[in-house]
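Good morning, and thank you for coming.

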Amino acid sequence: MTQSNWMALFHKMPDLLAPTMAKDHPNLPVVKEEGCYYYGLDGRKYLDFTSGIAVANTGHRHPKVVQAIKEAADRLMHGPSGVIMYESILRLAEELTKILPEGLDCFFFANSGTEAIEGAIKLAKHVTRRPYVISFTGCFHGRSLGALSVSTSKSKYRKYLQPNGLTYQLPYANPKDCPVGEDPDVYFANRLENDVASLFAHQVTPEEVACMIVEPVLGEGGYIVPPKGWLHKMREICDRYEILLIFDEVQTGFGRTGEWFAAQTFGVTPDIMAIAKGIASGLPLSATVASKELMKQWPLGSHGTTFGGNPIACEAALATLEVFREEKLLENCREVGEYARKKLEVLKRKHPVIGDVRSIGLMIGIEIVQPHTGEPNGEGVMNILNRCLQKGVLFYLCGNQGEVIRMIPPLIVTKEQIDEGLSMLDEALTEYEAEIGVHSFASGK
Ligand SMILES: Cc1ncc(COP(=O)(O)O)c(C=O)c1O
């Protein structure tokens with residue numbers, strides 16, 4: 001297709017695609033992606049600090065993954081598992097047990113994060129024979145009705161679809177809410193204990209609760225890293241009442257926090273895990289993971305899939321795991337993540353519109369505020385992101401009011417690329433501050 005035909009087609013987008021999917025930021029028309037870059041229809045090269053929303057952890061179109069996909073397509077394109085059985089799905093299951101926390105060794109493969117969550121909740125309810133689920137305010141678990149019933153990152157996602165009454169929400173542990181002078185680990189552990197006691201006294205008995213589901217780092221809700229003590233307390237409470245603990249590692253998984261999974265970063269093993277996004281470097285694949293003992297209580301036919309565990313996606317996932325090991329991506333994530341964090345601390349001291357910088361590995365949130373009041377500033381984020389785009393770097397956003405710049409570069413990113421992207425962000429922040437009449441400090445040192 002010629003460039004002008006492509007552009008003409010692009011302008012038809014509002015009529016061709018449902019507005020709910022077509023108006024996200026920035027909708028950049030792209031002709032090619034490679035490594036840490038997008039190549040725009042406008043002929044420009046853009047540094048990608050979104051990883052296609054935490055998917056392209058090995059970089060876009062890693063040659064090894066592309067090769068595995070091509071070879072797989074020459075042999076098998078579709079299962080479905082159940083009708084036929086193929087090597088890649090079994091090999092992938094075996095390989096994943098080597099990187100998951102011990103005891104998480106049996107898999108239900110699906111296509112998307114949402115499906116992995118649906119599977120996790122269904123499994124928990126089936127095994128415990130209990131109807132209720134506890135989730136945490138601000139978490140996002142997907143957009144189908146089951147996943148939505150536990151998602152509270154934005155009320156607009158639930159408008160006219162209010163959940164079925166089988167879920168209860170407790171507050172997430174945002175370190176900002178810890179009173180000055182208190183130890184956040186102790187404070188949030190005690191608060192969770194009290195919240196749970198109150199819930200069980202007034203609203204639902206523990207014997208009726210199948211599971212607690214949580215994002216071990218809050219993603220869409222604003223990139224909030226909870227204190228370890230809070231997640232350890234959650235594990236303890238679940239054990240006490242024989243409630244299953246589900247970690248939604250759809251976004252935190254596959255190296256994003258500097259370990260394979262946040263479960264390892266925090267030292268807490270859930271009973272069930274949902275994994276997706278980075279698993280196959282861009283091909284749709286996900287899994288609900290649990291122990292064999294738990295999975296074996298889920299009878300044949302109570303759950304199923306047509307496309308889940310697609311053979312090409314499984315080969316892409318196997319290649320992804322090899323790339324992680326060969327290129328030491330976990331180490332790179334930790335090292336470059338620390339480097340980026342230090343640079344962002346300097347930018348925070350320079351720019352009064354930065355309210356907070358939060359990070360774990362290469363999962364980085366830069367909160368933008370109204371400088372005089374500290375109020376969240378979603379409009380400011382859009383202004384800054386658009387300026388960044390003009391300069392050649394793509395960031396994404398998150399937070400209840402879109403007030404957080406979400407920085408999730410591919411895990412292959414180099415320090416030089418961090419310098420390149422953050423210097424564009426620095427310029428964009430300076431321009432925005434000039435526009436709203438706020439003065440940046442000359443140096444953040
Ligand atoms: C933590 C988390 N859970 C679930 C989902 C849903 O995944 P998907 O969009 O693949 O259905 C997402 C997607 O952004 C997510 O970030």
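A polar contact is a pair of N or O atoms within 3.5 Å; within protein, one atom must be able to donate a hydrogen and the other to accept it, and residues adjacent in sequence count only if both atoms are side-chain atoms. The model is predicted: local features need pLDDT of at least 70, side-chain atom pairs count only at pLDDT 80 or more, and totals for chains, interfaces and linings use all residues. Residues are numbered from 1 along each chain as its sequence is written, and side-chain values use heavy atoms, with hydrogens and water left out.

I begin with the ligand. A polar side-chain atom of Thr-114 lies 2.5 Å from one of the ligand's oxygen atoms. In the side chain of Gln-251, an N or O atom is 2.8 Å from an oxygen atom of the ligand.

Next, consider Glu-315. This residue belongs to helix α13, residues 311-326, where helices are DSSP runs of H or I with at least four residues, numbered from the N terminus. The side chains of Glu-315 and Arg-91 are joined by a polar contact of 3.4 Å.

Finally, how many disulfides does a search of the whole structure find? The search finds zero, a disulfide being a pair of cysteine sulfur atoms within 2.5 Å. The sulfur of Cys-106 has its closest cysteine sulfur in Cys-314, and because 14 Å separates them, they are too far apart for a bond. Cys-314, at 0% relative accessibility, counts as buried, meaning under 20% relative accessible area with a 1.4 Å probe and protein chains only.

Methods: Buried means under 20% relative accessible area, exposed over 50%, partly exposed in between (1.4 Å probe, protein chains only). Helices (H or I, at least four residues) and strands (E, at least two) are DSSP runs, numbered from the N terminus.
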